[in-house]
Amino acid sequence: MRRLSALLAFAAILLASAVGYTYYRRLHSHDRDARTPAFIEKNTDAVAGEWHWHKDDPETNCPIVQAEAKSFRAVHEPSLFQLTGMKLRLFNKGCSTFTYVQSASAQFDTWSGLMKSDGDVSVVMKVPADKSPDDKDVVANLIRVQTKGGSYETKSGKVDTDQPALFQFAHGQGSSVGVDYDPGTHILHMKSQVSLDWFGKGPASNAMHIEAGDVRYDEAHGMVYLTPWSKLKRGATTINGANSEVTLVDGTLHQVNSQKATGVDEEDTRHLEYSADQLMVLFDDDGKMQQLVGQNHAHLVATDVSSRTTVTSD
């Protein structure tokens with residue numbers, strides 16, 4: 001019995017010693033870990049899981065830019081923020097609307113206010129300040145751009161890319177290579193290889209297909225400028241010209257003025273060819289051609305199954 005008591009006492013001493021040693025090792029390890037900072041890569045000032053940044057107008061208190069990201073890394077030299085899951089709101093001067101830019105990754109220079117992205121980029125223009133760009137009903141009638149890469153000037157709100165881009169807007173869709181947008185002037189510039197389909201309010205068969213080397217869409221005034229060449233096609237009608245201007249009324253095609261233009265109209269029983277230094281075409285609300293007027297060196301050839309008529313006039 002005495003041997004058992006001694007054995008139990010000895011076991012208790014061993015257990016207490018083991019617990020004490022284990023506690024000492026854990027405490028020592030905890031102190032050592034507390035003194036050792038988390039590893040940060042060389043040339044990195046800070047890292048974070050969530051990032052928010054904004055800039056307001058000191059005179060009006062209107063927001064100028066608001067940005068957020070799922071994670072960020074602050075680089076010391078050059079001074080950059082490397083962002084992932086970036087969302088950017090660039091407000092107009094009256095802060096009534098904003099241009100919304102979303103990208104999987106971007107680099108933001110806080111000194112210059114320039115943000116650049118190499119990945120997929122989504123842009124929604126003129127979103128009402130009190131609305132969400134994620135609301136499909138809100139953005140359905142707004143200009144939306146899908147592209148890759150690009151730069152965003154947070155001071156002016158300008159968006160620019162030289163990459164291929166796809167467009168969606170209230171009454172049409174299209175594509176181009178390279179695009180820039182200035183929220184201050186409300187001008188969307190499609191730089192090259194532009195192809196647009198303007199549907200209007202009628203059926204898709206009435207859509208006007210537009211091609212040009214360079215297109216500027218003045219959103220505020222409802223004007224589309226095509227340079228240095230243009231091609232417009234709707235149904236059986238095709239018009240080729242130099243510089244052209246397209247007038248929109250409530251987003252619907254209303255009038256086309258084309259310089260040094262030639263046109264062809266193919267119908268079942270009649271073939272028309274026409275040309276003029278200045279050609280004006282008027283459309284109704286459904287996108288149907290109502291009138292065509294040629295001025296200066298106007299020339300018309302109408303051919304049907306039984307006759308051929310040629311008219312030349314100013």
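**Exercises on aromatic pairs and a buried serine**

In this predicted model, Phe 91 has a relative accessible area of 11% and is therefore buried.

**Exercise 1.** Determine whether Phe 98 is buried or exposed, and classify the ring pair of Phe 91 and Phe 98 as stacked, tilted or edge-to-face.

*Solution.* The relative accessible area of Phe 98 is 1%. Buried means under 20%, so Phe 98 is buried. In the pair of Phe 91 and Phe 98, the ring centres are 5.3 Å apart and the planes stand at 50°. Planes under 30 degrees apart count as stacked and over 60 as edge-to-face; the pair is therefore tilted.

**Exercise 2.** Classify the ring pair of Phe 169 and Trp 198, and state which strands hold the two residues.

*Solution.* The centres of the two rings, Phe 169 and Trp 198, are 4.8 Å apart, and their planes meet at 45°, so this pair is tilted. Phe 169 is buried at 12% relative accessibility, and Trp 198 is buried at 4%.

**Exercise 3.** Describe the surroundings of Ser 230.

*Solution.* Ser 230 lies in strand 13 (residues 223-234). Its relative accessibility is 2%, so Ser 230 counts as buried. Beyond four places in sequence, Ser 230 touches several residues, including Glu 211, Ile 239, Ala 242 and Ser 258. A polar atom of the Ser 230 side chain is 3.0 Å from the backbone oxygen of Ala 242.

How values were computed. Residues are numbered from 1 along each chain as its sequence is written. This is a predicted model: local features need pLDDT of at least 70, side-chain atom pairs count only at pLDDT 80 or more; totals for chains, interfaces and linings use all residues. Side-chain values use heavy atoms; hydrogens and water are left out. Helices (H or I, at least four residues) and strands (E, at least two) are DSSP runs, numbered from the N terminus. Buried means under 20% relative accessible area, exposed over 50%, partly exposed in between (1.4 Å probe, protein chains only). A polar contact is a pair of N or O atoms within 3.5 Å; within protein, one must be able to donate a hydrogen and the other to accept it, and residues adjacent in sequence count only if both atoms are side-chain atoms. Contact means heavy atoms within 4.5 Å. Rings of Phe, Tyr and Trp (its six-membered ring) pair if their centres lie within 6.5 Å; planes under 30 degrees apart count as stacked, over 60 as edge-to-face and the rest as tilted.
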